[in-house]
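This report describes one protein model for a reader who is new to structural terms. Please keep the sequence and the structure in view while reading.

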Amino acid sequence: MGLFQAVLHSRNLLLVICVPLLLLPLPILHPSSEASCAYVLIVTAVYWVSEAVPLGAAALVPAFLYPFFGVLRSSEVAAEYFKNTTLLLVGVICVAAAVEKWNLHKRIALRMVLMAGAKPGMLLLCFMCCTTMLSMWLSNTSTTAMVMPIVEAVLQELIDAEDEQLMAGNSSPEEAETINNVNNSQPSLELIFVNEDTSTADFTSLMQNKNLKNGVPVITNPIKAASQHHGKRQHPSPEKPPVLTPRPRNQELNRKYRSQHDQMICKCLSLSISYAATIGGLTTIIGTSTSLIFLEHFNNQYPAAEVVNFGTWFLFSFPISLIMLVVSWFWMHWLFLGCNFKETCSLSKKKKTKREELSEKRIQAEYEKLGDISYPEMVTGFFFILMTVLWFTREPGFVPGWNSFFEKKGYRTDATVSIFLGFLLFLIPAKKPCFGKKNEGVSQESSLKIEPIITWKDFQKTMPWEIVILVGGGYALASGSKSSGLSTWIGHQMLSLSSLPPWAVTLLACVLVSIVTEFVSNPATITIFLPILCSLSETLHINPLYTLIPVTMCISFAVMLPVGNPPNAIVFSYGHCQIKDMVKAGLGVNVIGLVIVMVAINTWGVSLFHLDTFPAWAKVSNITDQA
C-alpha cells in the first residue's frame with residue numbers, strides 16, 4: 001500500500017520520464033523527419049493533456065527536441081516563440097491592467113446592475129450582458145473573478161433583505177441582534193483579481209498555494225477582516241487589490257436557503273457568469289487565447305491570406321455572441337427560474353417587493369462609494385474606445401481604412417495599434433495635470449515623481465507569460481510539422497473523409513473538440529488540432545476557414561465541468577451549484593453554441609470569408625508543403 005501511494009504521488013515524474021523513453025523506438029526504427037517530428041508532437045501533446053508539467057514548460061519541449069532530431073535549427077525554433085500576436089497581447093494587457101487598477105470594470109458592472117434593478121430575470125440578463133462586454137477585452141478568467149464577488153454581494157443582499165423583513169415582523173430583540181451580528185460579519189463588496197487564461201490545474205495549484213480551503217479563501221476572523229475596511233479610501237490601493245472572500249465550500253453545501261426559489265436564483269446567477277464570460281470571449285479576436293493561437297497559426301500557415309483581422313472576426317462573431325446570449329438567457333431562466341417571465345422581468349416600480357428595494361439601496365450605496373469618475377478612469381476609458389475604433393477602421397473592407405493613407409502596405413497590423421496605445425499608458429500621469437498652477441502641500445521632489453496610469457509592476461501582474469510561451473510552442477510544432485512533411489502525411493491519411501460533405505466534416509470536428517476540451521485545456525486542445533485540420537482541409541479541398549473558425553469557437557465551450565476551464569472553477573468554488581447543475585446547464589449551452597456556430601458558418605460566414613470556393617492562398621500553401 002505504501003509503495004502504491006509513493007508511485008501515485010510520483011506519477012507526474014514517472015510520466016515525464018517514461019513517455020519519451022517508451023516512444024523512442026519511433027524515430028529510431030523510422031529515421032525520417034516525419035517520424036522525428038511525430039515523436040516530438042506526441043511527447044508534447046501527452047505533457048499538455050496530462051499536465052504532468054506546467055503548460056508553459058511543456059511548450060518548451062520542441063525548442064530542444066527539434067534541434068536534437070534535426071527537424072528545425074535552433075534559431076528557426078526560437079523565432080517561432082515571439083510573433084506578431086504576442087505584441088498584440090502585450091498591448092491589450094496594458095489596457096486591461098489599467099482597467100483593473102482603476103476599478104473601471106467595477107463602475108461599469110455596478111452601473112448596469114442599477115439599470116436592471118433587483119428583479120431576478122432582469123438581474124440575470126444584466127449580469128450576463130455586463131460579463132459578456134467585459135470578457136470581450138479581458139480574459140475570461142479575470143472577468144469571472146471580477147464579476148463573481150459583485151454577484152455574491154447582490155445575492156447576499158437579496159437574502160439579507162428577506163431576513164430584515166422577518167426580523168422586523170416576528171423576531172425578538174435577542175434574535176434580531178444575533179442576525180445583525182451575522183450579517184455584519186460579512187466582508188464588504190470587493191474584488192478578486194486572477195491572471196489571464198491558465199490551465200485548470202494551474203488555477204487549482206494557485207489557490208492551494210494561497211492557503212485556500214476547498215478552492216475557497218478562508219478568513220479566520222471575518223468580523224475583524226470586515227472591520228478593517230471601515231474608514232478606508234473609496235478607491236482601493238492598486239498595489240494590493242482587496243478580495244471578497246466567500247465562505248468555505250463545505251459550509252456552502254450545508255447552507256440553508258430561505259426558499260427553493262432563493263437557491264435557484266443563486267445557482268442561475270452564478271453559472272450564468274461563467275457562460276457569459278465564454279460568450280464574450282468569442283466576440284473579439286483578442287477575447288481568448290484560443291482565438292489568438294488560431295490567428296497566428298493561420299497567418300503563419302497562409303501568409304497570403306489577408307482575410308482574418310479584428311474587423312472581419314467581429315462581424316462574424318458578434319451576431320453569434322448576441323444570439324447565444326439571448327438564447328442562453330432564456331435557457332437559464334427556464335431551467336432555474338421557470339417560465340414566468342412577466343413576474344421576474346418586470347421593470348415596474350409598483351411591483352417591487354420590500355426585499356428588492358432593500359437590495360437596490362445596497363447596490364446604490366456600493367456604487368456611490370466609488371465617488372465621481374476619476375481622471376485615470378476617464379483616460380483608461382478613452383484609450384479603451386480609441387483602440388477599438390482604430391482596430392475597426394484599419395481595414396474595414398467595405399471602405400478604405402486609415403491604413404490606406406500610408407504608401408507602404410502590409411506594415412501595420414492590429415498589434416501596431418495596441419502596442420502604441422499601451423506604450424502611452426506608461427507615460428501619461430495618473431494625476432490630472434494642472435498647468436500654470438502650483439499644488440499646495442506637495443513638495444517639488446514628489447511632484448517630479450508622478451505615477452503613470454500603469455507601471456511595469458501593474459503590467460507584470462496581469463501579463464500571462466505562460467500563455468505566451470504556450471502559444472510559441474504551438475507555432476513551433478506547426479512549423480516543424482510543415483517543414484518535415486508530417487502535416488502532408490496526416491492529410492493523406494484522412495482521404496477517407498472525402499466522401500462526406502464539407503458541413504459534416506466540420507460538424508464532426510466541432511463535436512470532437514467540444515468533448516476533448518472538457519478534459520484538456522483550451523490552448524492545448526487548439527494547438528494540437530490546428531495543424532491536423534489545416535492538412536485535412538487542404539487534402540479535401542475545403543476552404544480551411546470553413547473548418548478552423550467553427551472549431552476555434554467550439555473549443556471555448558468547455559462549460560460542463562469545474563475542470564473545464566478556470567471560470568468554471570471560480571463559479572463552483574462559491575458553493576451555490578453542484579456538478580450535476582453544471583452538467584445539466586452546460587450541456588444546453590454547449591448544444592446552443594454548436595448549433596448557432598454551424599448556422600453562422602453556413603450563412604453569413606460564407607459571404608464574409610468566401611467559404612464556397614477553395615482559395616488560391618490555400619493552393620499555394622498546399623503546393624509548398626508537397627514540395
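## Burial and overall make-up

A residue is called buried under 20% relative accessible area, exposed over 50%, and partly exposed in between (1.4 Å probe, protein chains only). Buried residues account for 54% of the 627 residues in the protein.

This is a predicted model, in which local features need pLDDT of at least 70 and side-chain atom pairs count only at pLDDT 80 or more, while totals for chains, interfaces and linings use all residues. Residues are numbered from 1 along each chain as its sequence is written, and side-chain values use heavy atoms, with hydrogens and water left out.

The secondary structure comprises 33 helices and 2 strands; these are DSSP runs numbered from the N terminus (helices: H or I, at least four residues; strands: E, at least two).

## Helix H4

The 18 residues of helix H4 (residues 33-50) should span 26 Å at 1.5 Å a residue, and the end C-alpha atoms are 26 Å apart, which agrees. The expected span is 1.5 Å times one less than the number of residues. Buried residues in H4 include Tyr39, Leu41 and Trp48. After H4 comes Glu51, with a positive phi near 55°.

## Salt bridges

A salt bridge is a side-chain nitrogen of Lys or Arg within 4 Å of a carboxyl oxygen of Asp or Glu. By this rule there are 5 salt bridges.

One of them joins Lys101 and Glu451 (2.8 Å, N to O). Lys101 lies in helix H8 and Glu451 in the loop between helices H23 and H24, so the pair ties together parts that are 350 residues apart in sequence. Lys101 is buried at 7% relative accessibility, whereas Glu451 is partly exposed at 34%.
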